[in-house]
Amino acid sequence: MSGDSVSTFQFLGLTFNTTNIISGLLAAIIVLVVVFLFSRNLKLKPTGKQNVLEWLIDFTNNIVRGSVTNGDAPDFGLYAFTLFLFIFVSNQLGLFLQIGWNGVTYVRSPTSDPIVTLTFSLITLMLAHFSGVKKLGFKKYFKESYLTPFTFWLPISVFTELIDFLTLGLRIYGVIFSGEMLLKIIGEMAFSGGIGMTIVAIPIAFIWQGFSLFLGSIQAYVFVTLTSVYISQQIQTEE
Amino acid sequence: MLSHLVLGTTNSLYLGDMLFFALVFVLLMWAIKVVAWGPVTKMMKERADRISNDIDSAEKSRQDAEKLAQKREEALKNSHAEASTIVSNAKDNGAKQREQIVASAQQEAQSLKQNAQKDIEQERKDALKGAQNDVASLSIEIASKIIQKELNAQDQKQLIDSYIEGLGKQNESR
């Protein structure tokens, strides 16, 4: 983190951050493995892990249904489900697992890097606008999104879209990044002043980890909720 | 120190990361769809359908049962009424039959009596007639007996002679 060097590599003329690649891949694999294991042996009468998975699906579906009206909600269920799980796992990953080597952290929460959260923000807004164009047609979409209530509202609307993009991505980044940074500071504190400091630091680290766990879950929920709100803004006409 | 807060820490933006995460996300979404989302939502829909079907069929069978019970009750009531009509019919029939039997017995007795009276009358008449005939023949016999006694041989000879004379005259004239 602060003071850490960053490991990057170039591929096809693009710059990659090794930490992000490893962490993101790990998060994706965790999500996939969990979902895969939980979806074995599906039965009409659900038991154990199938209940958990169905509860999760219902949970994200309900988030989407909260803002997108019923007719369109099923189209975004899978997106919301995947987004929620991926962000949730990404948020929590750094709390339990941080692997460093030679002053470079290779595994941490991918969402503690703004480039990752902004990528998700961008994906969400692109999906929202794409759905808007698909549903309403380009003319009507443009009119609804940028020219309402007045034609000269256009600059403000464009600016609003930009703000949406930034806030959606940076909110989660801020929370996760600060959480990890504080955890790191507590960890440094534990090894700085002898055994007494360690004893003091352990419960603090515990409490902060618990709080970060809570914050990470809330942020994943907020991200998915805002995603569905943005989607509903684009695909629904204001009467 | 705060270099990581700037999006472009190195010379260029981590465009690769963005592409990578977009790709990973899309792949993850596809994999989840294939592995879990499809089957689970299908199962959930099946369950929802099943439950609604079960509710419908339960409602239907409840209505059927109610209807059946109503029918049974009606049938029971009907059978009571039917039984009472059968009993009363049987009573009526019995009474009617009894009356008939009594009437026919009376009639028969009447006719038997009449026949007997007629026979008695007939017999009496026959007996009377027979008696009359007997009396007549008896009186004739008595009369003839009396008459025979008064006739004598002379008279008879005279009678025979006169007859023979009558025969001879008849032959002469011829």
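A residue is called buried here when its relative accessible area is under 20%, exposed when it is over 50%, and partly exposed in between, with a 1.4 Å probe and protein chains only. By that rule, 44% of the 239 residues of chain A count as buried. The model is predicted, so that local features need pLDDT of at least 70 and side-chain atom pairs count only at pLDDT 80 or more, while totals for chains, interfaces and linings use all residues. Residues are numbered from 1 along each chain as its sequence is written, chains are lettered from A in the order in which they are written, and side-chain values use heavy atoms, with hydrogens and water left out.

Chain A has seven helices and four strands, which are DSSP runs numbered from the N terminus (helices H or I, at least four residues; strands E, at least two). From the N terminus on, their order is β-β-α-α-α-β-β-α-α-α-α. Taking contact as heavy atoms within 4.5 Å, 71% of the contacts in chain A between residues at least 6 apart in sequence join residues at least 24 apart.

The contact between the chains takes 50 residues from chain A and 34 residues from chain B. Together they bury about 3700 Å², 81% of it on carbon and sulfur atoms, where buried area is the accessible area (1.4 Å probe) that two parts lose on being put together, summed over both. One salt bridge is counted between chain A and chain B, a salt bridge being a side-chain nitrogen of Lys or Arg within 4 Å of a carboxyl oxygen of Asp or Glu. It joins Arg47(B) to Glu54(A), with the closest N and O atoms 2.7 Å apart. Among the elements of chain A that each supply at least two residues of the side touching chain B are strand E2 (14-17), helix H2 (48-67) and helix H6 (154-190), but the largest share, nine residues, comes from H1(A).

Within chain B, Glu59(B), Arg62(B) and Glu66(B) are linked in a network of salt bridges. Arg62(B) meets Glu59(B) at 3.2 Å, N to O, and Glu66(B) at 3.0 Å. Because Glu59(B) and Arg62(B) are three residues apart in helix H1 (residues 15-150) of chain B, about one helical turn separates them; Glu66(B) and Arg62(B), four residues apart in that helix, are likewise separated by about one turn. Relative accessibility is 36% for Glu59(B), 42% for Arg62(B) and 47% for Glu66(B), and each counts as partly exposed.
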